[in-house]
Amino acid sequence: MDQLETSEEHKLISPLSLFAETSGWRFATSLGNWGPLFAAYYEAAREELPNEKKFWISLIKKNFSVLEIGAGSGFISEALASTKPKLLTLIEPEPENIKLLNKNISKWNSKTNIDVVTSQFETANVSPHDLIIFPYDSLPMISSRIQRADLFRIIANRLTPNGIFGIHISTPLWSKKYVQSTRELAIQKYITQYGQPIEVKRFFRAVSGTEYIKFISIKNEQQETQENYVALTSIIFEEEIFESAKLAGLKLIHRYSDFYGTPYDPISGPIDDDIFVFAKESP
């Protein structure tokens, strides 16, 4: 796959940022700039992938400390807490999600030591952990390949010796089908965790073989508030994952094609999901 140059990325991102600023649309990435409606939509639309929660908790060993990147309102976190790790650190940058997360934690009746950190993972002040997971295909929303590679380096630095890192991404095949299925305007309705109805209008456009743009408009039908977003999303290929891991000093120990633990088949390849489990290499 061709490597993206920084200058090319900036040429693509800058006009989108300008469009967002001048037309009432926000330019959203996993690095922030989410409003309360976007955060509510993301959580309301979240559905468990088959066996997803059981897979992540299967990585937790006795006396492990566990860190989840992008905990949201706790969709995966409750399952992690049920294993009673030594420490469960939940990193979440969005204030609206943090409110829901703290509310949900109070209902779990968990005796686990849970540390909620309101921050981007990259800037969070946390100690090394035995297991770090990035569970829900969020890597593509980091629009810069350089930033994605840097994330792997930071993750490696925040693992204990021989610590484990698990990450899920959607395959390029799934991503391309997803974009193709939303070329026309789609309108969907959801009920948020606050019990309020929202209407979501969205359509996508491919801008290259490795990137596409999401246009998303979200309206709270009771409060008559609205948020509009432009989000540049990357299609992640395995070559990038392996290169970023190697530069960060992470070695692959498992690769699966689904959350049931089906081993990766190099001939057929994964269809929808690609799950990588890395270990920190000893110095």
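Residues are numbered from 1 along each chain as its sequence is written, and side-chain values use heavy atoms, with hydrogens and water left out. Because the model is predicted, local features need pLDDT of at least 70 and side-chain atom pairs count only at pLDDT 80 or more, while totals for chains, interfaces and linings use all residues.

Helices (H or I, at least four residues) and strands (E, at least two) are DSSP runs, numbered from the N terminus. An open sheet of 7 strands has the order β4-β3-β2-β5-β6-β12-β11, with mixed pairing, where two strands pair if DSSP finds at least two bridges between them. The edges are taken by β4 (114-118) and β11 (250-256), each of which has a single partner strand, so one side of each is left without a neighbour in the sheet. Within the sheet, β2 and β5 pair in the parallel sense over 3 bridges, and Glu 68 stands opposite Ile 133 in β5.

Across β2, β5, β6, β11 and β12 lies α6, which runs at about 145° to β6; axes are lines fitted to C-alpha atoms, for helices over the stretch in contact (heavy atoms within 4.5 Å), and angles run from 0 to 180 degrees between N-to-C directions.
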